[in-house]
Every structure is written in C-alpha cells, then in structure tokens.
Amino acid sequence: MLSEHQIQLIKHSWRHLRNVDPVIIGNVFYAKLFIDAPEVKRMFGNSQEEQSKKLIDMLSLLVARLDNITLLTDDIKQLGQRHVDYGVKDKHYDYVGAALIWTLKLALKNEWNIELENAWIDCYNLIANAMRS
C-alpha cells in the first residue's frame, strides 16, 4: 500500500501534467518504450494519438482513486487479463514501468526528486502486481 504522503506526492505531481497534451506525454512514453522493447510495438493496434489518450485517461483515473485503490482492484485485474490477451508478458511490465518513470522525470524536471520517484515506483508496482494477478 501507498502511504498518505506518497499519495499526496503523486497527486500533486500529476496535477502539473493535466494541462499537457496527452499526445505529447504519450509520444515521449511510447518512444522510450519502443526503444527499450521494440517487440511490444506490434501489440498496439490503435493510432499513437488514441493510445496516448488512453494511457493518460487511465493514469488520471488511477491517480484520482489512489485514496481508495481497492475500488479499482477488479478493473485493474480485468485490464491485466486484456493485456495477457494482447500478448503482454511479465517482463513487459518492467519496460512499461521504466518508460513511465523516465517520462515523468522528464516532464516534471525540477519537481522530480528521489522521494517522488519512489512514490511513483511504489504506485506503479502496486498496479502492475494487481494486473499480473
């Protein structure tokens, strides 16, 4: 579980990104992901713009519900099942996590610090582990 302080750090940092075009954030994220794991590119049938919007929408929902993430547990597990159907393997979660942290670090620049990084890593691991189950 995330601490209340970690939740507040994540929510505060996400507020800074809400007004950024999701396609810009998505382009950075997917560029990093596809460089690190080019084999996953074939799993994405949507346009990059559509996929970027889905990514940001999902992250926004998760961040908004961090105070009571258990309400999303079934949704997260269903999302994980859909990812299995797409061909996602356990190792791909590591690539996605690394691309997410890298993207957030670039986007948040001066606000980024080790405490915020650890909060986002813990958050991602919580969600990824639920998806894996």
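## A buried lysine

In this predicted model, Lys11 has a relative accessible area of 15%. Because the limit for a buried residue is under 20%, Lys11 counts as buried.

Lys11 is part of helix α1, which covers residues 4-15. When residues up to four places away in sequence are left out, Lys11 touches Val63, Ala64, Leu66 and Asp67.

## Secondary structure and overall dimensions

The chain contains six helices and zero strands. Read from the N terminus, the order of elements is α-α-α-α-α-α. The radius of gyration is 14 Å, close to the 14 Å given by the globule rule for 133 residues, so the chain is as compact as a globular protein of that length.

The C-alpha trace spans about 35 × 30 × 20 Å along its principal axes.

## Burial and contacts

Buried residues make up 39% of the 133 residues of the chain. Among contacts in the chain with a separation of 6 or more, 74% are between residues 24 or more positions apart.

## Surface and charge

The accessible surface of the chain amounts to about 7,800 Å². Carbon and sulfur atoms contribute 53% of this surface.

The chain carries 16 positive and 17 negative side chains. The centres of these two sets are 3 Å apart.

Note on methods:
Residues are numbered from 1 along each chain as its sequence is written. This is a predicted model: local features need pLDDT of at least 70, side-chain atom pairs count only at pLDDT 80 or more; totals for chains, interfaces and linings use all residues. Side-chain values use heavy atoms; hydrogens and water are left out. Helices (H or I, at least four residues) and strands (E, at least two) are DSSP runs, numbered from the N terminus. The radius of gyration is taken over C-alpha atoms; the globule rule is 2.2 Å times the number of residues to the power 0.38. Buried means under 20% relative accessible area, exposed over 50%, partly exposed in between (1.4 Å probe, protein chains only). Contact means heavy atoms within 4.5 Å. Accessible areas come from the Shrake-Rupley method with a 1.4 Å probe; for residues, only the protein chains shown count as cover. Lys and Arg count as positive and Asp and Glu as negative; His and the chain ends are not counted. The place of a charge is taken as NZ of Lys, CZ of Arg, CG of Asp or CD of Glu.
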